[in-house]
Every structure is written in C-alpha cells, then in structure tokens.
Amino acid sequence: MTATTKALRGAAISIDADPFLREPRDCLTHHEDALTVISDGIVTAFGPYDPAAVRPGVEPERYEGLLCPGFIDAHVHYPQMQVIGAYGTELLEWLTTYTFPAEQSFADDAHAARVAGLFLRELLRAGTTTAVVYCTVHPGSVDAFFAESARFNTRMIAGKVLMDRNAPPALLDTAERGYTESRALIERWHGVGRQLYCVTPRFAPTSTEAQLDAAGALVRETPGVFTQTHLCENRAEIEWVRELFPARESYLDVYAHAGLVGPRSMFGHAIHMHEGDFQTCHDTGAALAFCPTSNLFLGSGLFRLYDAMDPKRPVRVGLGTDVGGGTSLSQLRSLDEAYKVVALSGAKLDAVRGFWLATAGGAEALRLGDRLGRIAPGYEADLVVLDPKATPFMAFRTGYCQSIEELLFALMIMGDDRAIRRTYVAGERVYDRDRPEQFRYP
Ligand code: GUN
Ligand code: ZN
C-alpha cells in the first residue's frame, strides 16, 4: 500500500522543550513560512519552506494563520455539557443540585450518543484534538463516546465513572460491578485505533475503599491504562475525605494506598496541596490538571502552578477545562484565566509556557510526549490553524504585535473558538471554520 502524503504551507509554531525548566524563548520553534509534510497521519518533515523538499505531485495546501499542535484537555466531563453555567453553588452542592441529576440522563444510550456527538464537534471546533474525559457510571456512555471518537479518529482517553456510595442510587455501581464493567470496556476500547482507557473513580467520597482497591487492581492488570480522579479541589470536600478515611495521612494518600498514584495518573484540580503531596507526585510521576475556569467558577481556589512546577521537584501539569464546572471548552479561554490565576500569586504566565501547558506539556503529563503535542517528524498530525485576525478587534490588536511571543500572548488572552480556523486529526482536515456546512451536528 502506498502512503497518503500531503503537505501544509504557512506560518507554524511548536513548543519543543519544557519552558518551565529552560528559558522559554529557547523552547519555541517558529517558522514564518513552514512546510509540514504528513504521511499516513504522521508528520514526516517540518521546517522552513523549501521547494526542494516538496515531493513531485504533492502540492502544498496553503493556509492563512498559524499552525500549532492540537490542544490537549487534561480534564473534562462530556456528560456535563447540559449543566455548564449553572448558577450559584460551590462544589458539593453543585454536584448534588445540577451534576448528578444531569448524569442520570445517560442511562439512555440515545441521549449519550447525541451528547457525545455534540461534545466531539465542539472540542474540534475549539481546536482540542485530545482530551482526558469522564463519562458517567453507565457503560453505554463510554461506548457512545469512544464510538464517536473512533469516527473522527481522534486520540482520546476516557473511562466509566466508578461510584458506589454518596450519590443517587441510579448512579451507583458496586466495587465488583464497577470492576467487571470497566474490564469489559478496557477490552472493547483500550488501544483500539487511537482510543485509550482511563480507570475513573470519580473522587474519594463517592467510592468505598473496596472500590478504590478494585480500581487499583484494574490499573495494575492493564499495561498502559490511565487513571483519573479529583483531588484537593475544595475545603469542604477535603474535610469530608478526612472524615471518611481517618486512617489515611492525606487525601492523596487515600489514592496512593489503593495503588492509584503512578505515572499515568491524572489528578484534577489539586488546589489545596501540601509540599509533601507535590513531592509524592514528583516521585511517582503522577500528573495534575490545572482547571482555571472551573476553579474560579466554583470558587474552589487558586492552583499554585509555579509551586507545582518547581524545578527542584517538578510535577507534570496539564491544562483542563473541566466543563461543566469549567465555563468553556476552548483552551485559549483556559489560558486567559490561567494567566490571571498566576498573576494573583504575583507571578506571570508567558505565552510559551501557556501554549506548552495546552500542547506538549499536556502530552508529557500523559506520557504521550513522544507522539503528541508537537509538530515534529514522528509525531501524530493533530494540528490546528490559529487565526490571529479572527475578529475585527483581534485583527486590530494583533496588528500591533511585534514578535511571535506577543502574538501568541494576544491569542491566549483574546482568543476563543472563533480563533480556530482549521483542525486536523491524524492529518485529515476535520473542521474548517470557513466551510461550516461540512461539519454536521447531531
Ligand atoms: N469532584 C467530584 N466530581 C466532580 C465533578 O464532576 N466536577 C468537579 N469539578 N469536581 C468534582
Ligand atoms: Zn472534574
């Protein structure tokens, strides 16, 4: 079989080293006129445009804007699309008032399929090509999600929520049923095409110790499987965990005791962390998801990004939208809020570090940094074309930018889904802002 080869031509960026450990400017690759060659979904060449590098018969596709690796969302709940922007509560009341009732509607497979279809399209329209996704307790919600992802050939990481206490009866499984259903889903989806499974105990208060142990067993038994849960998001939640697990030294220790803290663990929020918690994450290689729009919306607190990323014991951090606690699926919106959160601590989040968190840093956090998050030979061709002139105001503002760093910063502060001109998945153009008729919603 001959390879399908295509080439893209235009400006491009990629953040190719960790700007939290090195001078940010040295981590940014920027070509004003780049050629990106893609063969069978993989980037095979990337560099300044050179007519000699263009294979005969492969006419480069030109784009206006800035090619960038597709965004990675380290923490998001697809069943919560119907409760985004729900008024007036903090975490625990928000869960019982809005979230648990909404998640019950995913017992209906047709509803799950419809929302999964909407969610995938909205992600791609926002420039996100990989996400770490919570489904609901219903196995059908996972099948619906992965089936839709397989249709777009997106690399997604997702799993069935495990809950065996402290939630409405209709949303509860048991330690044993949660294990059996997760195992069947792993066999059905993990490593099939680009889909990857994530063992997903919701958070310590909604799982018994037996269920957390069963989740740990799933992780131990399945090479390459991920795990995700919530950690230290809200003060009342942390106090509740202390009451439920009096024998454990800390919230993180509850998960560690069950074997859930390791190199493919993604902990959402991690706002109220002690130094010992960061050290444990560093030592075990566990990752944290910084979810600024959600942490602000639910009044949960301010993530300590530079403490987490302290070069003395750096912890891997990805950027999460946490919709529906979060208020947008656009990672450009997340970066805007992330900048403000960091500013409140007296520090600054520059554009190179910001874009790193949303691309290669997220991939590193997921141990997929050898294939996702950059534009480079051997990398999966999940790409977006950013449009710095997406609105008259943006065109006006970015007209004053004098460097690529300034332009990226303006994009991260002003940008949203309107600034995504095209999205490519494994080299295929799946979204084109200028051809909305090709992007049918369910
Ligand atoms: N903690 C437990 N479940 C959830 C959830 O769905 N969203 C958020 N933000 N925190 C949680
Ligand atoms: Zn969450």
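# Close-up views of a predicted model

View 1. Leu-344 counts as exposed, with 63% relative accessibility; exposed means over 50% relative accessible area, buried under 20% and partly exposed in between (1.4 Å probe, protein chains only). What you are looking at is a predicted model, in which local features need pLDDT of at least 70, side-chain atom pairs count only at pLDDT 80 or more, and totals for chains, interfaces and linings use all residues. Residues are numbered from 1 along each chain as its sequence is written, chains are lettered from A and ligands numbered from 1 in the order in which they are written, and side-chain values use heavy atoms, with hydrogens and water left out. Leu-344 sits in helix H12, residues 331-344; helices (H or I, at least four residues) and strands (E, at least two) are DSSP runs numbered from the N terminus. Together with Leu-296 and Leu-302, Leu-344 makes a nonpolar surface patch of about 270 Å². Patch members have over 30% relative accessible area and no salt bridge, with like charges joined within 9 Å and nonpolar side chains (Val, Leu, Ile, Met, Phe, Trp, Tyr) within 5 Å. Accessible areas come from the Shrake-Rupley method with a 1.4 Å probe, and for residues only the protein chains shown count as cover.

View 2. His-75 and His-77 are both buried, and so is Asp-322, at 3% relative accessible area.

View 3. The peptide bond from Val-323 to Gly-324 is cis, with omega near 5 degrees. Most residues other than glycine have a negative phi, and most peptide bonds are trans.

**View 4. Asn-166, with a positive phi.** Asn-166 has phi near 55 degrees, a positive value in a residue other than glycine. Asn-166 belongs to the loop between strand E8 (161-162) and H5. With a relative accessible area of 36%, Asn-166 is partly exposed.

**View 5. Salt bridges within helices.** The whole structure holds 38 salt bridges, each a side-chain nitrogen of Lys or Arg within 4 Å of a carboxyl oxygen of Asp or Glu. In helix H4 (residues 139-152), Glu-148 and Arg-151 are about one helical turn apart because three residues separate their positions; their side chains meet at 2.5 Å, N to O. Glu-148 is buried at 6% relative accessibility, whereas Arg-151 is exposed at 61%. In helix H5 (residues 175-189), Glu-187 and Arg-183 are four residues apart, again about one helical turn, and their closest N and O atoms are 3.5 Å apart. Here Glu-187 is exposed, at 60%, and Arg-183 is buried, at 19%. Helix H12 carries Glu-337 and Lys-340, three residues apart, about one turn of the helix. These two side chains form a salt bridge of 3.0 Å, N to O, and Lys-340 is partly exposed at 39% relative accessibility.

**View 6. A salt-bridge network.** Glu-61, Arg-422, Arg-429, Asp-432 and Arg-435 are joined in a network of salt bridges.

**View 7. Tyr-441 and its contacts.** Tyr-441 is in the segment after strand E16 (428-432). At 35% relative accessibility, Tyr-441 counts as partly exposed. Leaving aside residues up to four places away in sequence, Tyr-441 touches Leu-118, Arg-121, Glu-122 and Arg-125, where contact means heavy atoms within 4.5 Å. Ser-328 is 113 residues from Tyr-441 in sequence and 18 Å from Tyr-441 in space, C-alpha to C-alpha.
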